[in-house]
Each structure stands twice: as C-alpha cells, then as structure tokens.
Amino acid sequence: MKQLAVRLGQRLLLLVGVSLCTFALLSAAPGNFFDDLKLNPQISPATVSALQAQYGANRPFPERYARWVESIFRGDWGYSLSYHCPVGGLVWQRARNTLLLTAFAVLLAWMLAIPWGIAEALYKGGWVDRTGELILALLLATPDVLFALLLLLLAARTGWFPTGGMSSSDVTQLSFAQRIGDLSRHLFLPVLALALTTLPILARHVRSAMIGVLDAPFLIAARGHGIPKSRLLYRHALPVALNSLISLFGFSVGSLLSISLLVEVILSWPGLGPLVIEAVLARDIYVVVAATMFSAVCLIAGNLLADFLLYCIDPRVRTAQS
Amino acid sequence: MSDRAKRNALLSLFIALHLVVILPGFFSTQGYAEQSRDLPFSPPTRLHFVRPDRHFSLRPFIYGWNQAALDIGTYEVDRSQIYPIRFLVRGSTYTIVKGITASTHLLGVDKPGRLFLFGTDDFGRDEFSRMLYGGRISILAGWIGAAIALFTGAIVGLISGYSGRWVDSVTMRLVELFMALPWLYLLFAVRAILPLRIETTDTFILLIAVVGIIGWARPARLVRSMVLTAKERNFVLAARAMGASNFHILRKHILPQVLALLLTMAAYLIPQFILAEVTLSFLGLGIGEPVPSWGTLLAELQKYNVLVNYWWMYAPGIALVALFLIYHWASSTIQQRVGVPLT
C-alpha cells in the first residue's frame, strides 16, 4: 500500500507541474481574447481595458496563477470569457459526456480484443491468425478521422442511427427505459469509432502476451490433466498474460481520450472535443487549461487504476514491498 | 511470392509513393488552385479504349462533359468529340524547388478537354492534383516533424542518459510532464500557444514546429534507456580509461548503438505525425485554403452533401490508409531486422 501512496503523491506533483506549464505557456501565447474586441469598432478602447482590468488579464503571471488556483478550490476553474460563466461547470458538463463515451469504448474495445487476440494466439500461423492479422493491419492503418466519417456516412445513408447529438428532440416525453434506448442508439456510432481505432493495438498485445503464456510448461501440464480448453484459456492462461495487459489499460484510456476529441467533433457528440476547439479558436484560455487538466487527470487516473489492479491481481507486486 | 520478391515490391511501392509526392507538379494534371467553375463536383473522368465507331484504340481517350439540362450538378457524357490522353504534355507552370520551374506534366489532354482522374470538388478543382499536392504537405510535415522530434529527443536522451545525476532527473521529469497528457490535448495546447491567423507558408513551418515540440519526449526516454545500458559496455569503459573525451565517446561509441533505435522510431513516428498534421488541418487549425493538405481535403467531407453524394472525395482517405499500411509494414520489417522493441 505504501508503494501506491508514493505513486499517488508523485502523480499529484506531476499534475501541479502540468497545470503550471500549460498555464504559463497559454498566458505567454501571442494574442488574447481581448484582441478581437479591440478590432471591433463599436467597442471603445476604454471599455476593452476596463474589461481587461475586471478579469485581471493584465496582472503579472504569479498573481493570475494564484487566483486561478484559488478558483479551483471554489470549483470555478477560472472564468470563461466567451461563455460568461465559470469554467468548472461548463467543462464538467461536457467532460461527463466524454467520460461516458470513453468508458463504453474502453469496455467494447477490450471485450473485442481479448477473444480476438486469444483466438489468434491459439491458432498461431493458421488461417484464423492470418485473416485476423490482416484485418487488424487494415484497422490500424485507417485513421480515426476516416472511421468517424465512414460511420457518419453509414448513419446518413441507412438512417439506422442518428447522425449526431446525444438525445432525440422528444427525449423529455420518453419513459426511463426509452431514454436509455435512445441514449444507446446515439452512443453506438461514436463508441464503435473509438473501439475500432484502439482494437488493433489491444488485440495485438493480447495475442503476443497469450503466445508467450501458451507455450509455458505449466499449461502443458494442465492440459495433460484433462482440463477443458475454454477453462484452460480463460482461467489458467489469461490471468498470467493479464499482467502486461493491465499496464496497457492505462495507455488505452489516454489514447481513447485523444481519439474521442476528434470523433466527437465529427459525429457531433456534445463532449469536450467541440468545446476545446472553439476555445482554442476564441483564445478562451481557461477553458483550454481546464480541459487539458481534465485529460491529464484522466490519464493519470487510468495509470493509477492499472497500478492498483496490478497490485490486487499479482501477489509478486504485493509482497515485493514488505 | 517469395519473401524477397514481396519485400522488393513493397519497397519500390514505398519509393514510388514518395517520388510522386516529392514531384506533385509533374504527376498532377493541373495546379492545385486551378478552377473549372462550370464543372463543380464532376465525377472522375472515365478512360475509354473503344471509339464510338467501334474501333479499338490502344491510346486511351476521354469524352467531355455536358451539363445536364434539368439538374444542376449532374453531367452527361458528350460523345461528339474524343480527347486522346497524351504523355509528357506542356501544361500549367509549377515550381519544383524554389526558383526552378517546369511545365511538363505526365498526363494531359488537348485543350478544350479536361482530365479529372479523381473528379472535382465544389470549385471544379481537380481532386487528383489536389491530392498529390496535399500529400506533399502532409508527408513532408510528417518527415520534418519526425526529424526534429528525433533529433531533439536523441540529443536530450544522450545527454541525460550519459551524464546521469541531476541532469537526468530534471529531464526525465520534463519528459513525464509531456507524457502526462493525451497527445491530441497536447497538440491543442501547443497549437493554442501559437498565433492563430497566419500566412499559409508560415502555417506549414508552424505545423512542423508543433509536431516536433510534442514529439520529442518519447524518443528521448527510449534513447536514454539505451544509453544507460550502452555506457556500461566494456568497450565504452575501455575508451574512457584511455582518456577519451565525453564528446568522442558519445559520438563514436554510443551514438552508433542508438542509431538502429532511431530508425525504428522514425518509421513509427512518421505516420503518427502525418496524422497529427491531418488532424489539425481537418479541424481548421492547420493549413488553410487554397493550399491543400490531406486534412483540409478530408474536411470537405464534413459537409453533408459531399459526404453522402460524392464518393470520389474520399480519395485522400484511401491514400492515407495505403500510406499507413506501407509505413507499418516498413516499421515492422525494420523492427524485426534490428530487433529493438519499441516500448
């Protein structure tokens, strides 16, 4: 447990570093939100400088940072100049949707990748393995942009799925069960796009991890005892292969967050993606900083979760510290 | 097909693809900004071999388009005149490198005829030519970005691994900082720092800079871990005992051990960086009109009617998939040869 606590401390320090860096870099950026206002002939220079003073945009850097940190503890995370509201609520509202999307995508990707990789490892060199690898190579070469566009085309052409958004327009009149159905119909395409993009990487890792295990003497012995094949695979081989896969889990969270940013824009999912891009274009730096911090927290949380799972599953990790 | 033949075939494909991209002017049929306003969204021109009088012609030829009488935007083939395809024709002037211009194109047709191998976009610009020019931008951004990232990464990794102590811990904390962000968020954060509205030529340099800035951390960490083992090798210790300077040891003894890793990294990083450029341009944060890149070409597909009706506008996407397939093959081949794991 001490090990985990040390890790946690390190990660928290890392977060402070990330916040300091992104904050410093974004405030050093040329041009800010008020530059656009200055170009507007209907707004007098006096008004602009008054606004700047009101939002503390012309204060020295340490003071702005301190103010920002203070606003975190109030739950505000700074003030969004283009939305005229505290950033915290704004980002959280969107981040929730991104998290929902990512969680389902992680689930789907792993649920596909594990049987896929195991099947390939089991029939190594056979036609299952070769066609599987071919499909994975194609999936790996297809960029996330293209996946999202193709799925959008599917939705537009067939009408089986909504082409965007998170709920139908009549959602308020639906019963609870219907609402769940509606949400899952909207979720399907973005989740599929995300899962397909990460699937090849995960399946390949599962395959190579399983190949390493399947040749181990203890498995041959277990087979000799007449243990049925499926039990052999999922109860005896998989837990051994799981170790390297769990560290991959943390990675998959990070990469999914990245991809979801893009997929959300194309498939109009009301997540962080569209918000961040608008904020970058509008120079609304507090929104960018908050979204960046959110992504860092998620990535770090994913890694910590992987550490924790490893700690629970692998007795070697648990006993090594004492 | 034997392994050797397969390898040669793929290698020549790899080289051919890059040749086409280095010389888009020669292989394209017109400039990337040339418009044919009367032919928006014309489908790809079909090559024919059988003349209207049923004679076979070895030289392929094309027909012109007629605007259909009722529907704007749909076309009918005009069979009254044929335009044979000619090779090495004179066409619009293009620049090869700054200052050197040429006007010979590989393919072309006689004047009133127009050859659109992959159809046209909403301004009647030739999608094929735009795809080639766009490929130049996207692939060059990937290459130069990777070069910058690998160069910085290698230097940082060499110094940090070789000197150890506080230099090492400081740089490694920095690396962790860069790797604590999912890469697209990092991309946006770095993009947000740089000026928003700029000239297109500057945008290209800026894109490379962005890609280079975000990419150095991973190579640095890998190189460092290689250096840590490399510097304990006996011949390195011997060189040091004989009084070789640090610079000499790094250059003559340690760098060669790291080169294989750098090569593997390059094959792995270039497609990623191409994708970074494509992503930024796709979202309107990169190269802007009229200069094409694969990202801006794909961005056209965000318009509903383009997405649904004009299948030829997907061409850059298919090119991207083909390119990535070749790169992944190259990277796995190099990896098998050199035997450096990339984790």
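Me: Which domains does the domain assignment of chain A give?
Reply: This is a predicted model. The assignment for chain A gives two stretches as domains. They are domain 1 (2–87) and domain 2 (90–321).

Me: What distance separates the centres of domain 1 and domain 2 of chain A?
Reply: The centres are taken over C-alpha atoms. Between domain 1 of chain A and domain 2 of chain A, the separation is 32 Å.

Me: How many residues does each of these domains of chain A bring to the contact?
Reply: Contact here requires C-beta atoms within 7 Å. Domain 2 of chain A brings 21 residues, and domain 1 of chain A brings 26.

Me: Which element gives the most to the side of domain 1 of chain A that touches domain 2 of chain A?
Reply: α1 (2–28) and β1 (79–80) of chain A each supply at least two residues of that side. Its residues divide into 14 nonpolar, nine polar and three charged. The top contributor, with 14 residues, is α1(A).

Me: What span should helix α7 of chain B have, at 1.5 Å a residue?
Reply: α7(B) covers residues 217–230, which is 14 residues.

Me: Why is α7(B) largely enclosed by the rest of the structure, and which helices do its buried residues pack against?
Reply: Of its 14 residues, 11 are buried, so the rest of the structure largely encloses α7(B). Among them are L222(B), V223(B) and M226(B). The packing partners, in chain B, are α3 (127–163), α4 (165–179), α8 (234–241) and α9 (246–282).

Note on methods. Residues numbered from 1 in each chain as written. Chains lettered and ligands numbered in written order. Predicted model: local features only at pLDDT ≥ 70, side-chain atom pairs only at ≥ 80, totals over all residues. Helix = DSSP H or I, 4+ residues; strand = E, 2+ residues; numbered from the N terminus. Expected span 1.5 Å × (residues − 1). Buried ≥ 20, exposed ≤ 12 C-beta atoms within 10 Å, placed from the backbone. Contact = placed C-beta atoms within 7 Å. Domains from an automatic or database assignment. Nonpolar A, V, L, I, M, F, W, Y, C, P; charged D, E, K, R; others polar.
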